[in-house]
Amino acid sequence: MLRLEFVSSQHVKPLRPNNLHMSKRILSSMDPLRSDTAYEQLKIDIVACLLKPGDQITEGELQERYQIGKATLRAALARLSQDGLVRSEPRRGYRISSITLRDVNEIFDSRVVLEPIALKLGTLAMTPHGLAALEPAIRQTRKPETLKSPTAFLAASKELRLAIARTAGNFRLVRMLGQLLDESERVLHLGYFHVDLTKVLSKQQDQLLAAVRKGDAGSVEGVSTEHIVETKRMLLDAFVASESFLSLQLHALPTIRPATSFGR
């Protein structure tokens, strides 16, 4: 839980005029830091579905939960709104963005287009030194404490994929992939409510790494594509079969039938 501590005015010595300007500059520089911290903590909780899709929240509830001021909170919520993670509802507060079957399809279909190419390019550029540099990220995904926590495992798995992609040196591509993986991570967290994904995702990761270590860029591209399609199908099967399908705010749109979504 995010806690921002403030010094009581009773314990603050009066400022001399020549120190007052400096104090204002220090406080001003702290505001963006507070806003960044609040944004990151709220984003983590939304992505991890601790703030669930479709939940309605008020500024007062969030201020109490995260122990932050109104200005700091509003700045963080504005950024989350730009990310598409929350939306403002006049006179009612905010609502955590729902996830639709279309969202699931679009996120994973976009990953199929971008991720295999990014990992292929990273593999083509990989050197022995680059492989050695991946080891800390690989070890992180295999730690017992990581495997016990969906949040830790998904974060470590995402960082490993980005580390492979960064090897190619195309930072725009890495930034785009990172955004897609953030969106994907939220859907995967929702999937954990229905099925333990860690064993499946760990096996996929081992297959991917085997191809990366061999320097087989073609296999990396093929394996990555297969894994994304497999994960999408598994999630859609779990969501559609769930008794809590509607209560999770994971809605099928009127023009989309779940039975036809698998053939995309």
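Which residue in β3 is the bridge partner of Val-86? I started my notebook with this one, and the residue I found is Ile-96. A reminder to myself before going on: this is a predicted model.

**Entry 1: the sheet**

Next I looked up the whole sheet: it is open, and its three strands come in the order β1-β3-β2, with antiparallel pairing. The edge strands are β1 (56-57) and β2 (86-89), and each of them pairs on one side only. I also noted some background: strands of a sheet pair through backbone hydrogen bonds, either parallel or antiparallel.

**Entry 2: helix α7**

Then I moved on to helix α7, residues 150-166.

**Entry 3: Arg-161**

One name from that list made me stop: Arg-161, which sits in helix α7. Is Arg-161 buried or exposed? Its relative accessibility is 9%, and buried means under 20%, so Arg-161 counts as buried. Leaving aside neighbours within four places in sequence, I found Arg-161 in contact with Arg-111, Glu-115, Leu-119, Leu-181, Gln-205 and Leu-208.

**Entry 4: Ile-117**

For another view I went to Ile-117, in helix α4. Its relative accessible area is 36%, so I wrote down Ile-117 as partly exposed. I then asked which residues make a nonpolar surface patch of about 250 Å². They are Ile-117, Leu-121 and Leu-124.

**Entry 5: Asp-182**

My last stop was Asp-182, and I found its place in helix α8, residues 171-191. What does Asp-182 touch, not counting residues up to four places away in sequence? I noted Lys-43, Val-47 and Lys-158. I also checked Asp-182 against Ala-155: they are 27 residues apart in sequence, and their C-alpha atoms are 9.0 Å apart in space.

Technical notes
Residues numbered from 1 in each chain as written. Predicted model: local features only at pLDDT ≥ 70, side-chain atom pairs only at ≥ 80, totals over all residues. Heavy atoms only, no water. Helix = DSSP H or I, 4+ residues; strand = E, 2+ residues; numbered from the N terminus. Contact = heavy atoms within 4.5 Å. Pairing = 2+ DSSP bridges. Expected span 1.5 Å × (residues − 1). Patch = residues over 30% accessible without salt bridge, like charges linked within 9 Å, V, L, I, M, F, W, Y side chains within 5 Å. Areas by Shrake-Rupley, 256 points an atom, 1.4 Å probe, with all protein chains shown as cover. Salt bridge = Lys/Arg side-chain N within 4 Å of Asp/Glu carboxyl O. Buried < 20%, exposed > 50% of the residue type's maximum accessible area, 1.4 Å probe, protein only.
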